[in-house]
Amino acid sequence: MRTGKELVNAALKYEELERTPWVPFTGVHVAKLIDMDAESFLKDADAIAKGVIVAAERYKADGVCSVFDLQVEAEALGCTLKWAKNNPPAVVSHILEQGMTLNDLPTFTKDKGRIQLCLDATKKIIDEIGNDTAVFALVCGPFTLALHLTGQSFITGMIETPDKAKEILDYCADICVKISGWYLELGVDAIAVVDPMTS
């Protein structure tokens, strides 16, 4: 009998399976499983790891998502977040609407915002359950990150100023590649590029 991790990895390679693997996108719901609010949970690597591990056991998951917060990259690049007790934070200031350009944005490094916290939480999850359970890292997709950085003007900009929109999109894609690389260095089984703006 294959482990959940083996099933997930086989599915990702389009292999024939004895059953469909189960990877719940539990999000900040896992904070409730350990009696925490979303804000406190998403600011604590140990809590994130504990909540995801509890969810994996409770829901008999074959795979788990380490951190489900699509605002991490935007926060690290200078956007302001509004925190909530029952939901992930929301971007409330779009850094490129404030007269800044892509060249003005801070260098995207592990020490910015909560990036290192997310990497630490993911490593803890891998170390605890990663032998038998697939661990997915979630990254903010390029269109959604562009919207976070630019605000609604990015949507009209794709039509009115397509060259500028493409420059922003290329920049955001590079951010996705960079943070994905950091997660891959930890040994995650898959990267999920989550891009709700495109849906």
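Strand β4 (residues 134-140) pairs with β5 in the parallel sense, over 5 bridges. The model is a predicted one, in which local features need pLDDT of at least 70, side-chain atom pairs count only at pLDDT 80 or more, and totals for chains, interfaces and linings use all residues. Residues are numbered from 1 along each chain as its sequence is written, and side-chain values use heavy atoms, with hydrogens and water left out.

Strands (E, at least two residues) and helices (H or I, at least four) are DSSP runs numbered from the N terminus, and two strands are said to pair if DSSP finds at least two bridges between them. Strands of a sheet pair through backbone hydrogen bonds, in either a parallel or an antiparallel manner.

The sheet is open and consists of 3 strands in the order β1-β4-β5, with parallel pairing. Its edge strands are β1 (63-65) and β5 (190-194), each of which pairs on one side only. From one strand to the next, the twist averages 30°.

Helix α9 (residues 162-186) lies across β4 and β5 and runs at about 160° to β4. Here axes are lines fitted to C-alpha atoms, for helices over the stretch in contact, and angles run from 0 to 180 degrees between N-to-C directions; contact means heavy atoms within 4.5 Å. In a regular strand, side chains alternate between the two faces of the sheet. In β5, the covered face comprises Ala190, Ala192 and Val194, whereas Ile191 and Val193 make up the uncovered one.

Residues are classed by relative accessible area as buried (under 20%), exposed (over 50%) or partly exposed (in between), with a 1.4 Å probe and protein chains only. Phenylalanine 154 is found in helix α8 and counts as buried because its relative accessibility is 2%. Leaving aside neighbours within four places in sequence, phenylalanine 154 is in contact with Phe143, Ala146, Leu147, Ala165, Ile168, Leu169 and Met197. Alanine 61, by contrast, is 93 residues from phenylalanine 154 in sequence and 37 Å from it in space, C-alpha to C-alpha.

Isoleucine 155 also lies in helix α8 (residues 153-160), but counts as partly exposed at 34% relative accessibility. Together with Met158 and Ile159, Ile155 makes a nonpolar surface patch of about 280 Å². Patches are made of residues with over 30% relative accessible area and no salt bridge; like charges are joined within 9 Å and nonpolar side chains (Val, Leu, Ile, Met, Phe, Trp, Tyr) within 5 Å. The areas come from the Shrake-Rupley method with a 1.4 Å probe, and for residues only the protein chains shown count as cover.

A further buried position is alanine 74, which lies in helix α5 (residues 72-76) and has a relative accessible area of 0%. Apart from neighbours within four places in sequence, its contacts are Cys79, Val91, Leu145 and His148.

The whole structure holds 14 salt bridges, each defined as a side-chain nitrogen of Lys or Arg within 4 Å of a carboxyl oxygen of Asp or Glu. One of them joins the side chains of glutamate 18 and arginine 2, at 3.0 Å from N to O. Glutamate 18 lies in the loop between α1 (4-12) and α2 (29-33) and arginine 2 in the segment before α1, so this pair ties together parts that are 16 residues apart in sequence. Glutamate 18 is partly exposed at 47%, as is arginine 2 at 27%.

Aspartate 37 and lysine 85 form another salt bridge, with their closest N and O atoms 4.0 Å apart. Because aspartate 37 lies in the loop between α2 and α3 (38-42) and lysine 85 in the loop between β2 (80-82) and β3 (90-93), the pair ties together parts that are 48 residues apart in sequence. Both residues also belong to a network of salt bridges that links Asp37, Glu39, Lys43 and Lys85.

Lysine 123 is partly exposed at 35%, whereas aspartate 127 counts as exposed at 54%.
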